[in-house]
Amino acid sequence: MPDFILTFLKTALHVLIFPGLLFVAIGGLLLAGIDRKVLARMQRRIGPPIVQPFFDFFKLMGKETIIPNAARPAIYKAAPLIGTASLAIMMLFFPLFGHQAAWGSTADLIVILYLMTIPAVAIIVGGSASGSPFAGIGISREMVTMMAYELPLVLVFLAAAKKVGGTSLVFSLDSITAWQQANGCLLFHWAMIPAALALLLVIPAEVGTQPFDVAEAETEICEGPLIEYSGAPLAMYKLNTAMKMFVMTALFTVLFLGGINLGGGVLGWVLGGLLLFAICAVLTILCMTLIHAVTARLKVEHLFKFYWTVVAGLALVSLVLVWFGL
Amino acid sequence: MILFNYITAAILLVLGMYIICTQKNLIKIVLGMGIVDYGVNLLIVSIGYNDGGSAPIYSFPDLINGAVHHFVDPIPQALTLTSIVIGACVDAMALSLVIMIFRKYHSINSDDVRRLRG
Amino acid sequence: MSYIHYPVISVMGLFLGAFLVEIFGSKNKKVRFGITLVFVTLATVLTYLLIKPVFFDQEIISYWMGGWKPEAGYAIGIGYEIDGLSLFFGLLIVTTFFLSTIYSWRYMEKDHHLGHYYTLFLMLCGAVLGLVFTGDIFNLFIMIEIMTFAAVALTAFRNNREGALEAGFKYLVIGSLGSSFTLAGVAILYLSCHTLNMAQLAALLSEKGLDGLTGFAFALMIAGMGVKSFIVPFHTPAADAYTTAPTSISMVFSGMVNKAGVYGMIRLVYVVFRAMGLSSVQLLLVLFGTVTMFVGVTMALAQHDFKRLLAFHSISQIGYVLTSIGLGTYFGLFGGLFHAMNHTLFKGLLFLTAGAVLYATGTTDLDRLGGLAKRMPRTTAYFLVGAAAISGIPPFNGFASKWMIYQATYEKAVSTGNIAFAFVTVIALLVSVMTLASFIKVTQAVFFGQCPLALTQTKEVPFSMRLPMAILSLLCLAGGIGYNYVMSYVLSPAVHSVSNAVGYVDAMMGSGYATAHKVTMLQSEPAALSVWNPVMWLLLFVVVLTAVTLVALTSEKRRGPVTTGQEQIPDGKYATFFGGEKSEHSHVAGSDLFWGFKKDWKGYFRVAGNLHSGNVNDYAVWTVAATALITLFVMIFIV
């Protein structure tokens, strides 16, 4: 069975190195560093070096892991890793700048939608398993945040699918990218601009940055679900947050800027990777750092209302416009 | 003539449903269920009725020869019998539940028997 | 013995077992359980043996009771007919009641009058199995009545439990209203077609089309089946009955009793009335399905009883099934039947875990439970599997079927250009997230967090209760990973037989009868569904998860009290942080976990709470009004 082994090795390479775990982890940590640096500059501080998140990560990895007596050890330790695995796998569904996705399929938009919930569920289950009442409040907020951003996200996806597919069912990112290669990026079709704005507003809530960090509000509920975490599992959670930054901004790039083509070959891949990273950095600064710098934390019920009225409204406008052929 | 049967059946059905929907007394509700049953039974037995027809007791040769062709349909009558039996069982069970409810709640007013809600 | 006798032996065996248990089993618990197990196993094995002829050889089994074959083109006897659809539901049913029987052995041990329990249980099983195997519409009604009767008695079985009696009474009133509608529909059909055989009805109705009379019958029977499958607004007795019945029976209710209603619905609209080509019928079913899934899940979010929450989720998941089936497309049928199957598996599993919690702690109140994960680790693991499956987390089976339902609804939306179906997709996805939310609530309230003082002595449930849960968990995982195999070996024959009305009629009435009466196939089957192959990445996902779990399990460090010299002192760093307050055993209870969400929706929750008033008159008004609306809709838009 050499074929099977070869396929397996190839898949393992995809998952672990590129465009999976290693790529997303490094990219995410760099983005987190850029975020912190730019935020500091906006607040007229010097800020940490851009590689500071790497130092933080490795330092946390070396610390002792304290499992509280009230916790359920197996779930407590496995939860962050499940989140990491699903984030690494998500990247495999993204076709990058004209290249096929590593794992393209007929309806991967829905798969992505569900994979995106897994890191949040991992935080919730892990926090819940740690047994702290602070975590109990934190997971409640995390879940409400999730319900809040899921509606606009679904509407954005459906609008994109309708725009690309017309009267046939297209839920595949590969097809969406191919369509953009032929017809120009979705961002430049004016009917999709409200949807793009909606997705930009969904990103900070999904990642959990201020003002949408109600779940981990340090000043109120002491990091909520992460309160009892320490050592390696905490490092993995921090890594997950950084990876989410990268994956979510990459999702925006694929969905709305997939029309950019840099050609094939090794050069195309390298250029594509660099361009992807540059776009992600710009998006990070735009929709996370900037909003973080100028706002204070919302209450959870305000967050919910904001997403179900303003953001969902934006996405709905796009869906209706697209539906009537604009 | 048979039209009266259908009208009566409809009236019984509506009456039964009206009782179930408006009466607070659980025993009256059970009676309402019974009346709905009777309405349906009357409907079924009227369907098989054939004006001036005879009892359906014939042998196959008679039927095939065409010697008889005007008789009451026996199947609805069998259906009605079955349905009556089932209705009686359901009513008995409902009444036994009402007795138990009275023992436990000390009331057979449907406004008092509503601990499960929301 | 030929396999054509198997179905009738299964059904009769269960009824015979009911009598035998009542006669011999009132004293000795081993005797009555033995009799039950023998007949349940017999029915299970015989039904599984039908897989080869019906699923693989595509045969439709017809069986005439007493050999009364059709005479001069009229079916005068009672016929049993088993095609792919019947067998599909039959398999779900036998699996459910087999596992429920095993579970009952220990779960029911503390109750009295168990002879009656097993009698009613066997009657319920026989009735539901007979309902899906029968080919006679009056026999269908009889089976529905036996089912309702046994179900009501079992609901009120633990009559010392709060609300059991009133739940039974409400179920009986609403259920018998539904049965009366069905019977009136049967009578009107007989008036119009002079036959009770479903195959012949299908042929005759297809010849004459829906007129005023048969349209009325159609509306009444849809309402009757709606009551039996507990769609909104007929759902109110379900919530009460599932809550108060013994949990082994709750599992049976959600695994087979409401599936029987769904089966009846599919059989009527697709085969007997052949009405799925009409876009108004599609609209009716999708509307009811969407409302059902939404109302079910929002009501579930407001509950604070474990079993009542699960009951509302059962209602909600039936909404998914109905929506998908109501689309009238092949994709929709695949998704709907697959979800019906998955619902049987994961909801059965969840009800069994709720039963385990009730058995171990004596309560299912979410506000009084907590921290059971350390006391009942296996039950917790099974619960997490079930919760992940119902929330549609990959790689469990709920994801695969929901994935198909979203595609089916959105495909319908884009192909008809009707934006309403796009909102159905949106609502379906939202309902999925809310399902996840309410299971997070249960996870936090029951299994994680701090353990209340009263529950510190809780023990894990015995093996015979864990075994059914383990089997269902494995099936949940297998259905998600190997779902291509489920599609091609289980769902394809079922879906094929739904569309194959010609074969259904011909098997019963003799070949050529269907074409003589202008019965046609539903539509041409698509050459190949665009099926996504999840095996590769799901396998990898599993490998990753296994590795992760192993690492997590092996690297456990020493924790707990530290021994210093003579005495043990608790090490403060392993204690939970409480902000300086002394608050051991303090737990964030689950019943109101999502107040942030509820505050924004408080108007809706108040109205919905008031509508579920608990008053049997109100529920009857809902039932009658909804039936009137369905009739009106059918009369205006279809006839």
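Of the 2 pairs of chains in contact, chains A and C are the pair that shares the most contacts, contact here meaning heavy atoms within 4.5 Å. The model is a predicted one, so local features need pLDDT of at least 70 and side-chain atom pairs count only at pLDDT 80 or more, while totals for chains, interfaces and linings use all residues. Residues are numbered from 1 along each chain as its sequence is written, chains are lettered from A and ligands numbered from 1 in the order in which they are written, and side-chain values use heavy atoms, with hydrogens and water left out. Chain A and chain B don't touch, and 22 Å separates their nearest C-alpha atoms.

Take the A–C pair to begin with. Chain C puts 72 residues into the contact and chain A puts in 74. About 6600 Å² is buried between these two chains, with carbon and sulfur atoms giving 77% of that area; buried area is the accessible area (1.4 Å probe) that two parts lose on being put together, summed over both. Salt bridges between chain C and chain A number 0, going by a side-chain nitrogen of Lys or Arg within 4 Å of a carboxyl oxygen of Asp or Glu. Polar contacts do turn up, with 4 residue pairs across this interface (both at pLDDT 80 or more). A polar contact is a pair of N or O atoms within 3.5 Å; within protein, one must be able to donate a hydrogen and the other to accept it, and residues adjacent in sequence count only if both atoms are side-chain atoms.

On the side of chain C that touches chain A, two or more residues come from each of helix 15 (377-390), helix 16 (397-416), helix 17 (419-447), helix 22 (535-554) and helix 23 (595-600) of chain C. Helices (H or I, at least four residues) and strands (E, at least two) are DSSP runs, numbered from the N terminus. Helix 17 of chain C has the largest share, at 15 residues. Sorted by class, this side of chain C has 44 nonpolar, 19 polar and 9 charged residues. In that scheme Ala, Val, Leu, Ile, Met, Phe, Trp, Tyr, Cys and Pro are nonpolar, Asp, Glu, Lys and Arg are charged, and the others, Gly among them, are polar.

Now for chain B. Here 51 residues of chain C meet 43 residues of chain B, burying about 3800 Å², 73% of it on carbon and sulfur atoms. There is 1 salt bridge between chain C and chain B: Arg115(B) pairs with Glu162(C) through their side chains at 3.4 Å, N to O. The polar contacts between chain C and chain B come to 12 residue pairs (both at pLDDT 80 or more). Helix 6 (137-155), helix 7 (164-193), helix 10 (236-244), helix 13 (306-326) and helix 25 (616-637) of chain C each give at least two residues to the side of chain C that touches chain B, and the largest share, 18 residues, belongs to helix 7 of chain C.

Over all chains, the structure holds 11 salt bridges. One within chain A joins Arg36(A) and Asp56(A), whose closest N and O atoms are 3.0 Å apart. Arg36(A) sits in helix 2 (residues 21-42) of chain A and Asp56(A) in helix 3 (residues 52-62) of chain A, so the pair ties together parts that are 20 residues apart in sequence. The loop between helix 2 and helix 3 of chain A holds Arg44(A), a residue other than glycine with a positive phi, near 60°.

Chain C has a backbone feature to note as well. Val232(C) and Pro233(C) are joined by a cis peptide bond, with omega about 5°, and Pro233(C) is placed in the loop between helix 9 (212-229) and helix 10 of chain C.
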